[in-house]
Amino acid sequence: MSVVDEITCVWEASVDALKVAASSLTFKCLETTARSVHVKIPATARSRDGMGSLLAMHLSISIEKEKYMAGGVLSSAAKISLLSRFGEFLLSLSKALQGQPSEKKSRSQKWKDKRFCAKADKMQKASAINREYDDLWPQIPSDELSRQCCARYRKGTTVSVPDPCASCSRSRFETKMTLLDVYATQGPPPLLDKLRVLLCEDCNSMLGKGRMPRFALANGLYRGILPDEFKDLTWVEEMVCSVYRTTAHVTRLYQSTSPSDPLVFHGNTCAHDMNVVSTATVLPRTPVDIVGQLSVVFVGPHKLKPQALNAVFRIRKAKVWRFLIWLQQNNDLYRNLPLSMENLNMYSEDGIPEGLDEAAIVDEDLDPHDVFEEETAGVEVHPASAVRNDEAGDDPAVPKVFLEAMGVSDPEASALRNIVSEDSELPDLVIARGSQAITEYKNPALFPGMFPSLFPYGLGGFEDPHRPVSLSFQKQAEYFLDLDDRCFRYHQYYIFVALNIIQRRAAHLQTHLTVKREHFDSVARRLVTLSPTLIKSVADHIENEGKMDALSEQQLEVVDLLNRVNSIASHIPGSQAAKLQDRNKIRSYMGLFGLPPIFFTMNTNAAHSPLFQVFFGDKYVDLSERYPVLVSASERAMRLAKDPVAAADFFNFCVTKFFEYMLGWDYKANRSNSEGGILGKVRAFFGTCEYTERANLHGHFLIWLSGSLNPSDLHAKLRNSEDFQN
């Protein structure tokens, strides 16, 4: 019997089973399987009997016929049955084709064939995994398994503050550390012949290969150590001393309505990206320069007093001058910059910049408690409510401020227009800029010039061409947040400046315009004739809800092009296109796995969690104890506002460990483990996270269980099957 005859026999033997089960899969899935079978059949067999065409044609006819007969309802049982039987058919077909001489194919065709065959194999494995749970679902996990899951979760979340790596100085949880003995082999005799150091897994691996780790301090990442006398610099004092400025700040302060805490304030400072750089030619910057880029909105039952602002906007003239002298002696960026005593004398000895309290927007009529609760509505109590000024060690005369740091990528400052009243003729913020443009690409001096307290010696900048091992901007920005020295985490707005630059670069490099093929030539010719000014005028007209009749002929041409051209920006974090991409992924999951039986929202409470205190760096919290000793609620709230990176790491850790230990998900195998979890065996899940109005991370998750039924089948069994009901 020839190979073609064997294929024909296999096909005829499987055709009845395919007819019965073909309705259970979507046409897209059947089409993929048909194409994978088609590429497995040799070209000689395809050209002689057209087996691939016959297979694709039969599958398309079967699915349409069976869908019509089933009334459009696809059961999960039929879907699994088809996967299983069609997988057996693929296996039989592959065996029948053994010994057939292979044909010559191009590299791209081989890659396509491999991809299609991998999809078919994945379908077969999925059917084998889920077939055994079809008749048994739902399986209620035993009490013993639930207890084991809880015990594993407790053990897996009992962590301590990790030690830093001697090579890269990063301190990361769940990173394998290696203890090594380092011997001095050259140079003058050291005090110790041997030194024991810890290396993280990444650095140890690269050093073992004789290569420099990309995150090693020796790879141009050493920044130097800020002297102790300057470690208490406020973020406003640093602004006074910075060479470059790229942000404007809006601070909202709510005064406590409690008579016992008149000096307790809470609110947030939002850093708005200006998309321009203000370059100083003389330091320190003048108070007018500083106040022009600060805005304060105060809501409270009493008048705004300067001491309330002093806790946030404090400037000490003597410390600023000493810091500038030190920078001029140790930092090349400041070596040739003139220092002006005249500018310095414009500041008070110790206080806020002159004019800041007068420029503040004060509202004494609104109730600060009601406004704060309305603007930060949430299920949980806001952490700021725990802040008190009567604990041991607190000075009752010094205001205590719970200030959350926020950031907005707003190059045109559209969000800032809501700060000042419409009838005001004076701007609330003055966006200053230098006379020369400063590039943010491949400019290692940019960040040291913006943040002298983080880069005191002007070293360790981004995208340094002299760096032995190249490092991307995003990787280096994330590296600084993992350092054992947490100054980058605690900084008021470093995180947002770095994120805004990453977003802008993504917009520059990953935003594309698409147009229909038949319109491409005409659109391309018309597009190059438009000026940026004309496009901006149309954008402003649409933003202000102007009428289309008021547009000129040239402006109407811009509108016509907008209707013909689509923008694609799915890789930009936080963009609308990225959200649409997530929705499309969810639809794809539903097309493959059916409707998810479980949807849940996970809210972690960092303010009261002992685990978060460890992520914050508290080495005195022992998670092995049943009731770990924690700092006061007020101090826990202040820690949460101080270190948003620790809050994000805490949330990610909790979610990961919940799925790993409680739901039994194996991240290495990318599927459920052999035992499953408290819900049974998880087949797939999809999740997204977001910030609540109270600046707490929470996640929304869809979960598909192995063997679970579609809602229509589930409802039918609940109505008709007594065994299933019980």
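This report looks at salt bridges in a predicted model.

Local features need pLDDT of at least 70, side-chain atom pairs count only at pLDDT 80 or more, and totals for chains, interfaces and linings use all residues. Residues are numbered from 1 along each chain as its sequence is written, and side-chain values use heavy atoms, with hydrogens and water left out.

Side chains of opposite charge can pair when their charged atoms come close. A salt bridge here is a side-chain nitrogen of Lys or Arg within 4 Å of a carboxyl oxygen of Asp or Glu. The count comes to 26 salt bridges.

Arg 223 sits in the loop between helix 8 (201-208) and helix 9 (235-241). Asp 485 sits in the loop between helix 17 (473-481) and helix 18 (487-490). They are 262 residues apart. Helices (H or I, at least four residues) and strands (E, at least two) are DSSP runs, numbered from the N terminus. Arg 223 is buried, at 10% relative accessibility. Asp 485 is partly exposed, at 43%. Buried means under 20% relative accessible area, exposed over 50%, partly exposed in between (1.4 Å probe, protein chains only).

Arg 316 lies in strand 6 (residues 315-316) and Asp 232 in the loop between helix 8 and helix 9, so the pair ties together parts 84 residues apart in sequence. Arg 316 is buried, at 12%; Asp 232 is partly exposed, at 42%.

Glu 237 is in helix 9, 79 residues from Arg 316. Both residues are buried. Shared partners join Asp 232, Glu 237, Arg 316 and Lys 319 into one salt-bridge network.
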